[in-house]
Every structure is written in structure tokens, then in C-alpha cells.
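I opened the notebook on a single chain.

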Amino acid sequence: MTEFTATDHALMARALRLAERGAYTTKPNPMVGCVLAHGDEVVGEGWHQRKGGPHAEVFALEAAGGRAQGATAYVTLEPCAHTGSTGPCADALVAAGVARVVAAMRDPFPQVDGKGFERLRAAGIDAVSGLMEEPARALNRGFLSRIERGRPWLRVKLAMSLDGRTALANGDSQWITGEAARADVHRWRARSGAILSGAGTILADDPRLTVRLPDGAEFVPPLRVVLDPGLATVARGRVREGDAPTLYLHAPNVKPPRELDAARAAVATRDGYLDLEAVLKLLAEREINEVHVETGATLAGAFLSAGLVDELLLYVAPVLLGDRARPLFAGLHIEEMAQRWRLRVIETRTVGDDLRMLLRPA
């Protein structure tokens, strides 16, 4: 087992912070950061900024220039060994004469998956991995989910009162949370490859399902996905407006209107019915890493019951809506304490007057 020094840990942590800068722009590629150093002296650094652009290692090598010779490269993901939109990063590191490569983790993408390490070692470079692998995997959980599981990482966002209610009995839910929490949601939307909702939410709330960030921050607009078996929403609603693309997923016996081509309407079924697992498989095939769900209790409960929820993004507002208001989830049918859903708290944070909780199934 490789022994890593305190300097190794500090510089990999720096590379992970760099990688995170690409959260809104690299999709469907993974976020990657790279730091080049002699001992604890950093001579170059960079991160992957957008699909089709140079990878993190290339930016770091350009910044280091001749000082890359004999340096250690700290990379959050195994350097690529194939030619895609850019050339192999493993070859670039070899050509620059780096002495050592420390990667946080192996890249499971089939065209890489150990081949980058093999190329580096064949050139006499000391290439090791496993340093801070857990935070590296957490950073790219969507990309890894798509490659390793064949489906995107699914996050359900919900806002509730202290008594666990999401809307009044008449459906009114604007606004449970404050302005700061609503602005925070847009940052989570921005890192997602798709924002998904159901036809009921589209008809009741008329959401835009778009990203609105302050200060003109750059992002790749997420695909808007509407689960609409009968295509009841295609002729109405703000979800059709703006530059972000919209995809309608419908039942197999429904014929979409002529203006909805294959890029904008599709069937995701199993045994003839619209199926949530088939929905995620279809989105993975469209290179979606993370799906951000904003919907009502019925569809949220269906995703949870199907075991497809990877994390809950829950905003808790210091208000009470009463026992006639609508619940957080519907359809869970819990009769005994042994059936209760166990969740693990990943993070809690105050956002304005509200509490934000990130939870995952235990």
C-alpha cells in the first residue's frame, strides 16, 4: 500500500478544489483538477473547464512550462489514454517529463480504465492512485453513476414546513422557503445534466425548470425532462420557453405532435408502461450524469419506493402549514416501524432563514 505524505494530501486537496470549479460546465465529462509541484512548491495547475476543451493536465503543463520536468502531478482522476476531443493526457505528461503521477482514483470509463496508468508506467513514471479517493468519487458521483451503474445519479429536491408539509391542501406552495434558499436551488440545478418533473407539477405550478445564476456565471443549460404519459403539457407552460432543451417522455400508445422530433419526445417503457428505471436508462444513454428532480409528493414517492433516489436535497422552513396540508411523499405505505426509511445526514447548512439538509438512503 502506497504511503502518502502530508504534502501529497495538501496538494490533492488543492486539485479537488480546482476540479470543482468545472461543476457547471464540464458535463457530461467528469470534473478534474491537476496540480504540478516540486515538493510543496506548486509550478502549475489547472482544471477541466468544458467538454471539448483541454483537460486539467494540459492547463497545468502549460502553466508549468519547463518546470514540469521532474515534477509530481496530482490529478483527481486517472489521466486519459485515448484520443477524444483532445489528445491523451498520459502522453502529454510523459512528453513533459514528469517524474511521478498521483491520482485520486482510477477512471472507470472503458476507454481509460487503467490504460492511462499503464502508459505512464511503461514510460518509467511512478504512477499511483487512491489518495483521497472518497472525496474524488463524491465530486464526480454523477459521472461515476452513469459509467458504473448505467444510470444517472438521482437527487430529489423538496421544500417543507417544520411539520413536514410541502403545500397547502389547495396546492399553493409559493413560497415555503425564503429567497436565499430559492437562489441556492439554482446552483444545484446548474450542476445537473437534467431537471425532471411530472406533468402534474407542470400543470399546477407552471415552472420554467431553468437555471438562473447571479453575476452571469457560465453553465451548460440542463435538459428539462417532463414525465407526461399522455402528453398533456406539450401545448402549454413555461417549460417550453427559453434556450434550455425540453424532452417529453410519454406512454407508448400516445403519438407526439409533429413538431416533437426524436430529440424532444421519447418513450421510456417496460412492459408497455412508462417506467422510472427505463427513464433513467434513457437519460444515461443521452449522457446525463445527474438528474435533479423537482416534483410533487406522488412522483417523489414513486422514485423513493423504486429505490432510485440517491440523495435528498431538503429545505426546511421555520413555518407550520397544518395537518390538512400536503405531505412530503405519497405512496410509501409504511405500516410498521421496521418498514421506516432510514436516511443518513451528509450535510446540514443554514441558508437564509431556512435549513438545508443533504441526505442519502442509509
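Among contacts in the chain between residues at least 6 apart in sequence, what percentage joins residues at least 24 apart? I found 69%. Contact here means heavy atoms within 4.5 Å.

I noted the ground rules. This is a predicted model, in which local features need pLDDT of at least 70, side-chain atom pairs count only at pLDDT 80 or more, and totals for chains, interfaces and linings use all residues. Residues are numbered from 1 along each chain as its sequence is written, and side-chain values use heavy atoms, without hydrogens and water.

**Whole chain**

I looked up the secondary structure and got 10 helices and 18 strands. These are DSSP runs, with helices (H or I) of at least four residues and strands (E) of at least two, numbered from the N terminus. The C-alpha trace spans about 65 × 45 × 45 Å along its principal axes.

I then checked burial. Buried residues (under 20% relative accessible area, 1.4 Å probe, protein chains only) make up 51% of the 362.

**Helix α10**

I turned to α10, residues 297-305. Its buried residues are Ala297, Leu299, Ala300, Gly301, Phe303 and Leu304. They pack against the strands β6 (153-160), β8 (194-198), β9 (223-227), β14 (290-293) and β16 (326-327), and against helix α9 (276-285). After α10 comes glycine 307, with a positive phi near 70 degrees.

Key:
Buried < 20%, exposed > 50% of the residue type's maximum accessible area, 1.4 Å probe, protein only.
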